[in-house]
Every structure is written in C-alpha cells, then in structure tokens.
Amino acid sequence: MTLFLGRVPRRARRALSLLSLGGVLALAVAVPAEAAPGPAEGRTVLGAGQHVDAVYPVLEGDDLTVRSLTDDGEADPDDVALHIPDTKTSHIKLPDEYAFLGDPGSDAWISPQTQDMSVVWPGWSFEGIPNGRLKGTVSMDFEGFAYAGEAKSPTFAVTQPGGFGNKKVSQLIVPGSAFGGVSGEVGSHTHANWIFTDEGTYDIDFSVRATLAGGKEVEDTATVRFIVGDVPDEQDAPVPQKVRHYSEGAGKLLVTPSKVDGEYFVGQTVNLTAASDKAGKDAGYRWYVKKKGESTFTEDPEQRTAVYTTKPDRVLDGTQVYAKLVEDGRTVQTSEPTTVHVRAGGHDAAHGDPGQEDLPSG
C-alpha cells in the first residue's frame, strides 16, 4: 500500500528540538493547557484578490530555494497563509466533471484560475531562475498534505481546462491519483483552479527539482498553507493525511494519460503513467505501440520505466499504447490499450495558455 504523508514543515522542524526539554518539564510541573494558536498566527494572510506565486524557486549560488512571491516581494512560505473565504463565487457545488473529488452537487470551495477579487489568486512561477542556469525544465511535485478542521476525509485538486476545445477538466495535482506534479520551462508562470472539498486548514507539501547547466541536481521543499473558510483564532495543528493510491484495489495494471482522455496538442509532452498494487520494488515495465493503420503492436525498447514519455506530432494521432508489468523476467500484468489523440494547436495551446473554464457559483 502506498501512502502519501505530509512532511514536517520547516516551522515545525525548528520547534522539534524543544520537545525533549518540554517533556521533562511536563513531568516536573503541571500547568494548564493553553489553547492552540490559529492557523494565521505569525503569518501574513493573503486574500481578497491578492496575487501570490505560492511556489517561487530561486537560485542562491548553486542551491535551489523555494520562496513565495507576494505583492510585497519574496517571503518564506512558512510566513504566509493563503485565504479562501466563503463567498458567493468561492463556495460552489461540485460539477459533474469533478466527480473524482466527491459527489457531484456537494459543497466545495475554489480559488479559480481567473482572478476573483474576493479570494487569494495563487499560482506558481519559475521566473525567479535566470535563463541559462538550468539544463531542462523545473519540476514541482506534490509530496503530501496535512489538515486541521472538522472534515473526516478532506481533499483538494489543482486543475485546468483540458481536452480539445478546453471543454474538459485536466487534472494537474490530485492526492492519490496519477497526477502528482507539474513541470515547466524557466520563465514560465502558471495559474490554475485550486478546489477544496471542506473548510479548514490545508498544509500542502511540494518538492521542486531541477538540474543546473553543469549537471548538478538541486532540490528544495516547501509547505503552502491554505485557510478555507473563516480564519479561526484557535485551531489544532494540521494532521498529516493518509491518501489511498488510485491503483490500490483496482486488481489490474492501470495506464493514465497526463492529459484528459489522452488528448494532446502538437508540442505537448505525452506522459502515460502505469500503476499497479502488484508492482514490487524490482518491477519493470515494457511498453508496446501500434500507430494508426498498423496491424500489430511493437515494443518500444527505450521505454522501461513506469512513465511512457514522447513528444507528439500529427503522425502519433490515433496511436494505441499498452504496458506490461514485468518482474523476474515474467509478465505479471498487462494493461488495456490507451489511445493517444493529437491535433495541431492554436494560439492558446502554442503559448501554454489552457484557456478559461466556467465553474458554477454556489
């Protein structure tokens, strides 16, 4: 069973060294319990239309450091909180296309991709890294989250419009799913829909990785705090959440495209992720491809990891791909074929603008 567990935020790590001393003092002196401070304690609360690049990596020498970029400049992510209050536009009924998050029609809260002046407007940016310093792209991966509040099974998603015509939902980050991160070029700046199923405090953990031009791999982590609903004066500390992986209990090898329904525009990277609860630490993968018009599948000898990756062109349109899970030289499971669709992109696709998406207000 694979579990995503929230890491300990930097603010909490700085306090861990005090725990042993605190335990000794507790044995010696009984003191009244103090109320836990609220989630905004010691933080600047960003809301009401304020723009923030919640994840804003910068290079300090040859080291990567994740900061947040606010209207007032750079800040430590542990020193800010992003606020989504309950408003007419932020409190919505979950649309049918978001059934992967919960029951359609259930309550949800959103900070949308397009700026809503009643809530914070969060995104991420790789504009803080100078051109020429890196080899390849920057990756931002979800590592887990912690929650404080009344909900029993809180979750969230980061999405954008997707599919041909931007009429569908493209999942970017969804806990427990195949969608665990994003990547981008140096200089890119992205906004998305941040949707939460419950009010409360969410501490979302991210890791950012890149490779310097000289070949050194660099990485840093950060915790981004969202407060959904009213900001309480007192609240227990967020608790790391256990997230059930999407492959658990499926009973088969699943292949999930990184774009909704496997629909890609020319130039967008095709990523197909294979997952199974039968995959051991020594498991390998074999990928088989059949282009449109061909009669048989052919193994791609260069693809041996859990993620099949290629750059699409129009020739790839209609190509079918399936995977085999292999261990000790034998096939453990075989997936169903997935069809990849490719079209030439217009202005929006060429510039990485996923377009707009309409979400109903509550």
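A salt bridge, as the term is used in these legends, is a side-chain nitrogen of Lys or Arg within 4 Å of a carboxyl oxygen of Asp or Glu, and the structure holds 13 salt bridges. The structure is a predicted model, in which local features need pLDDT of at least 70 and side-chain atom pairs count only at pLDDT 80 or more, while totals for chains, interfaces and linings use all residues. Residues are numbered from 1 along each chain as its sequence is written, and side-chain values use heavy atoms, with hydrogens and water left out.

**View 1. A salt bridge between Lys216 and Asp63.** The side chains of these two residues meet with an N to O distance of 3.6 Å. Helices (H or I, at least four residues) and strands (E, at least two) are DSSP runs that are numbered from the N terminus. Lys216 lies in the loop between strand 15 (200-211) and strand 16 (217-228), whereas Asp63 belongs to strand 3 (residues 63-70), so the pair links distant parts of the chain, 153 residues apart. A residue is called buried when its relative accessible area is under 20%, exposed when it is over 50%, and partly exposed in between (1.4 Å probe, protein chains only). Lys216 is partly exposed, because its relative accessible area is 42%, and Asp63 is partly exposed as well, at 45%.

**View 2. A salt bridge between Arg67 and Glu74.** The distance from N to O in this pair of side chains is 3.5 Å. Arg67 counts as partly exposed because its relative accessibility is 22%, and Glu74, with a relative accessible area of 44%, is also partly exposed.

**View 3. A salt bridge between Lys168 and Asp261.** Here the closest N and O atoms are 2.7 Å apart. The two residues come from distant parts of the chain, with Lys168 in strand 11 and Asp261, 93 residues away, in the loop between strand 18 (254-257) and strand 19 (263-265). Lys168 counts as partly exposed at 29% relative accessibility, and Asp261 counts as partly exposed at 47%.

**View 4. A network of salt bridges that links Asp141, Glu143, Arg209 and Glu219.**

**View 5. An open sheet of five strands in the order 6-7-14-10-11.** Two strands are said to pair if DSSP finds at least two bridges between them, and in this sheet the pairing is antiparallel. Strand 6 (91-93) and strand 11 (168-173) stand at the edges, and because each has a single partner strand, one side of each is left without a neighbour in the sheet. The twist averages 40° from one strand to the next, where axes are lines fitted to C-alpha atoms, for helices over the stretch in contact, and angles run from 0 to 180 degrees between N-to-C directions. Strand 10 (residues 156-162) is joined to strand 11 by five bridges, and the two run antiparallel; Val158 stands opposite Ile173 in strand 11.

**View 6. Strand 8 (residues 121-125) and its partners, strand 2 and strand 13.** Strand 8 is mostly covered, since five of its five residues are buried. Both of its faces are covered, with Trp121, Gly123 and Ser125 buried on one side and Pro122 and Trp124 buried on the other. Strand 2 (residues 51-60) pairs with strand 8 in the parallel sense over four bridges, and Trp124 is the bridge partner of Val55. Strand 13 (residues 189-191) is joined to strand 8 by three bridges, and these two strands run antiparallel; here Trp124 stands opposite Thr190.

**View 7. Two of the 14 aromatic pairs that a search of the whole structure finds.** Rings of Phe, Tyr and Trp (its six-membered ring) pair if their centres lie within 6.5 Å, and planes under 30 degrees apart count as stacked, over 60 as edge-to-face and the rest as tilted. Phe145 and Phe156 form an edge-to-face pair, 5.4 Å centre to centre with 85° between the planes, and this pair links strand 9 (residues 138-148), which holds Phe145, to strand 10, which holds Phe156, eleven residues apart. Both Phe145 and Phe156 are buried. Tyr288 and Tyr322 form a stacked pair, 5.0 Å centre to centre with 15° between the planes. Tyr288 is in strand 21 (residues 284-290) and Tyr322 in strand 24 (residues 319-327), 34 residues apart, and both are buried.
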